[in-house]
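Biologist: I am new to this structure. Could you walk me through how to read it?

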Amino acid sequence: MRCVHELFEEQAARTPGATALIHDGERIDYAGLDERAARMAGLLAAKGIRAGDTVGVHLERSTALVVAVLGILKAGAGYVMLDPGFPAERLRTMAEDARVVAVVAARDAAPGAFGVAPVHIEDAHGARPLPRGAVPVRPDDIACVMFTSGSTGRPKGIASSHHAITATLTGQTFASFGPGSVWLQCAPLSWDACALELWGPLMNGGTCVLHPGQRPEPFVMARLVAEHGITSMYLSASLFNVIVDEYPQVLDGLRELVVGGEALSVPHTARALERCPRLRLSNGYGPVECMIFLTVHPVTLAELGDGPVPIGRPLAGKRLYILDEDLCPVPDGGTGEIYAAGAGVAREYRGRPALTAERFVAAPTGERVYRTGDLGRRRADGVLEYLGRADSQVKIRGFRVEPGEVETVLTRHPGIDRAAVVAHEHPAGDRQLTAYVVPRGGDRRAFREAELRAYARGILADYLVPAVFVPLDALPLTPSGKLDRAALPEPGPATAPAPAAVSGTVAALCALFSQVLHRDPVGPDDDFFSLGGHSLLAARLLGRIHTVLGVEIDIRGLFEAPTPARLAPLVDTAPPAPSAAPAAPGTASGTLPVSHAQHRLWFLDRIGAGAAYNLPMLVRLRGTVDPAALDDALAQVADRHEVLRTVFEECDGSPVRRVLSGAAARPPFRQLRIAAESVDRAIEREARHRFDLRAELPVRATLFTTAERPDEHALLVLVHHIAGDGWSLRPLFRDLSRAYEARVRGADTAVLPPLAVPYAEHARHQLDRLGSAADPHALAARQLTYWRKELDGLPAGGVLLPRRTGRPAAPGPAAQVVVRRLDAAAHARVVESARARGATLFMALHAALATVLVRAGADEDLAIGAPVAGRAGDGSVEDAVGFFVNMLVLRTDLSGDPTPAEVLARVRETDLAAFSHQDVPFEDVVGALNPPRSPGRQPFTDVVLALQNNARAEVALPGAEHGVEIVRTGAARFELPGFAHPAPFAHR
């Protein structure tokens, strides 16, 4: 028999280059993961971790987490997941009961609360790898401790061996884990299903895709299935029901799905199989004490009827018995308690010998068996059926809940005398906890639900916090003095005043809240979670918002804005919900398409734009600067933002992108020591550097140090616009600052997490979302129809502005800069005046510029260009460096001598309509309308207005007191570009 890490190591030796792990944009092969885990094991060994120890893991779901747990196993220890989403008191209890000797955590976390030494995951990068087999580990040694609800008010830790995991996930036929299988890891980290999704593929040669964040989000799951070709998935029965009801597209493309944790719904199963007839759907059963599954039953449409869905036969190496109260076998067809034996049965409840002896017992045959507390029966064909519980334990959203744990916590509150917790069916189809409480002193009027709920949330995991609190004068008792659960009143709807009248999006959201929560009425300020909402109901609500309102809101948005009134602005500003993306045609290092914006920049570069599309960013520094650390930090930024290590080659007359790696991917960096009087001229000269995009990375940096004052520096980071825009300054300098700081303090240089959506993936999604212009229903075709109508008849060929005598017909790139400043009072008056007329600052500036141009002699049928960010509605790319900008043509009629208010009204209508059709690329508009061209001039207009209102770049480099300056290159992209900077602004 082999241990978990040994099976992984053997697989890494067989297929070192195969992809083992995917998280966001990061792919790690087996060899790479093995090497990282070996370094983690070496770090743990150096910290004194020995065979038989238990180590806590306090990390979000990430590649770092997988490296940590694999490294712990290599070091001979067992791991316990300390989910950062749990309350601190619960985590302390878990760490104490598991007897952890150290906690692996990120450097910026605070694991000191556990009372043991922290081990920083960042330090593993520089550790010496622990050789394979350096620490002897036996298959019966503890691999992990998993916690579940405990009836005494304290969670109980289930200690399971390596053999329990390997016997369940190797040599079985209930699912495919080998090469070609791609599993999604989305179960909560504290579940044994996490071991299924992680160790199943990693021990057998498959690929594991990590779901971002701590909560599974169906929208994200659908995207991951499409992007990575996920073949296999596990879902709790509650989440499965939500997906079938609201997000059935998640199932498309799957080969196999195992559902477990609760009784499987027959109607939902039938609908799933009808939609996906080739899907292998199985019903899995097994408590945590028996490692994931005891039985797995493939379900077919033909066998679905009125009775429960069978749970199947025992897996290889596992044995199940149906016994009566005397531990005697129950005949087939009879009801008894399910006992489990054989492979997978846990060793103990950690530190709880009495509880261990109560649940792990000896059968009459002398065999050690686990008493599950579940009722079942065996059919004549040997197939088992699950019939419920023999005690008060319940399942809530796939989590095992002992009501006694919740009751104990509630009665510790000084205002509560007694408490009883039961599970009720929720009208949405799942179950929720109801707490019946007797306030201390018996005064129900003194009961404060909000206070008790907050108290419970500070101690209990969210699935243990009751959805409803019902105050009673006393708990009903039986004649023997026990709680009479049957006499507890049904929780009724909370009485609340009639909500204020609302309309629009708020009214629609109130209705959707009411539908999902089955509560009426719901007011604009009612909190979704205070009304009994939870993560699965949140998923249902977001699905209804997608269907009814046509936008996509992530679950974090709902948690941060949980009322209709607060959520409505997010809905109103959210982009239209895209359809699921098809599977990616290749990897990020292949020839994925360049974005439309990059294609435009590539073309302009080919026709001689020169330095006009350089983005020179300068930071002046004081104090000691480590040039080598800056060099390494810039390389790490390029590693995170692949667009910075991309070259643009030509194939059949079009650009293709090639992402470099290794030494070739390191951006040029140099330090120059020059006289103080020459610094500014040297900066200007370097800012005009001409990039060769075919062979040169689109980023370079120079550190200028004054010869007379060696503690004064100027760092120039030069990026070609094909790889960055104004929005990019913030993430670029934030990442550079963080990487530099980590490098200087000697920490692991790999401090920058992978991007949620790399730039290349955004480019592919953009193409998919727009569709073909030849398809009349596609977004591209609809928006091109608007632009054809909007720009039809626009004056072409005529001069926009009066031209000075002797001025060339084709303007050159040389430009002069004129700066005009408005003081704060004038700025405020402009903003206030615009808002009073329903307009924005940009619209007011547009109206003013148009008026000035017409007075200067421009045509009254006026077109002005306006760049738009191209990502403001896509939160997934806010942290990405890249060129997302699109150009809009704003055509306004100023004929008839309009008043300023009329000009602003006309401009407002023009801008709103244009912004609603901003997705189709500018070059596609040019191609479709084919306007007359003139050498050296832009199509449609040579006047551009840009409002530079990007977020301020955060710079944390030594002595960087004045932020980022944009160096002027003296080259212009348009004849008359206008830039407005609202104060305070980041760029000068």
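Modeller: Start with burial. This is a predicted model. Buried residues make up 54% of the 988 residues in the chain. The accessible surface comes to about 41,800 Å². Carbon and sulfur atoms account for 52% of that surface.

Biologist: How many helices and strands does the chain have?

Modeller: The chain has 26 helices and 36 strands. Now look at contacts between residues at least 6 apart in sequence. Of these, 69% join residues at least 24 apart.

Biologist: How do I read a nonpolar core?

Modeller: In soluble globular proteins, nonpolar side chains tend to be buried together. Here the largest nonpolar core has 124 residues. Leu33, Val104, Trp199 and Leu410 have the most contacts inside that core. A second, separate core has 64 residues, including Ile230 and Val506.

Biologist: Which residues does Leu33 contact, leaving aside neighbours within four places in sequence?

Modeller: Among them are Phe8, Ala20, Val66, Leu70 and Leu202.

Biologist: Next, sheets. What holds strands side by side?

Modeller: Strands of a sheet pair through backbone hydrogen bonds, either parallel or antiparallel. Take the open sheet with the order E29-E30-E31-E26-E35. Its five strands show mixed pairing.

Biologist: Which strands stand at the edges?

Modeller: Strand E29 (669-674) and strand E35 (965-966) do. Each has a single partner strand, so one side of each is left without a neighbour in the sheet.

Biologist: In what sense do E30 and E31 pair?

Modeller: Strand E30 (residues 699-706) and strand E31 (residues 712-720) are antiparallel, over seven bridges. Phe704 stands opposite Ala714 in E31.

Biologist: Which helix lies across these strands?

Modeller: Helix H19 (residues 679-687) lies across E26, E29, E30 and E31. H19 runs at about 170 degrees to E30.

Biologist: Let me try a single residue. Where is Asp141, and is Asp141 buried or exposed?

Modeller: Asp141 sits in the loop between strand E6 (117-120) and strand E7 (142-148). Its relative accessible area is 14%, so Asp141 is buried. Beyond residues up to four places away in sequence, Asp141 touches Ser160, Ser161, His162 and Arg347.

Biologist: Last, cysteines. What is a disulfide, and how many does the structure hold?

Modeller: A disulfide is a covalent bond between the sulfur atoms of two cysteines. This structure holds zero. For Cys186, the nearest cysteine sulfur is that of Cys208, 9.8 Å away.

Biologist: Are Cys186 and Cys328 buried or partly exposed?

Modeller: Cys186 is buried, at 2% relative accessibility. Cys328 is partly exposed, at 37%.

Conventions: Residues numbered from 1 in each chain as written. Predicted model: local features only at pLDDT ≥ 70, side-chain atom pairs only at ≥ 80, totals over all residues. Heavy atoms only, no water. Pairing = 2+ DSSP bridges. Helix = DSSP H or I, 4+ residues; strand = E, 2+ residues; numbered from the N terminus. Contact = heavy atoms within 4.5 Å. Axes fitted to C-alpha atoms, helices over the stretch in contact; angles between N-to-C directions. Buried < 20%, exposed > 50% of the residue type's maximum accessible area, 1.4 Å probe, protein only. Areas by Shrake-Rupley, 256 points an atom, 1.4 Å probe, with all protein chains shown as cover. Core = buried A, V, L, I, M, F, W, Y, C linked by side-chain atoms within 4.5 Å. Disulfide = S-S within 2.5 Å.
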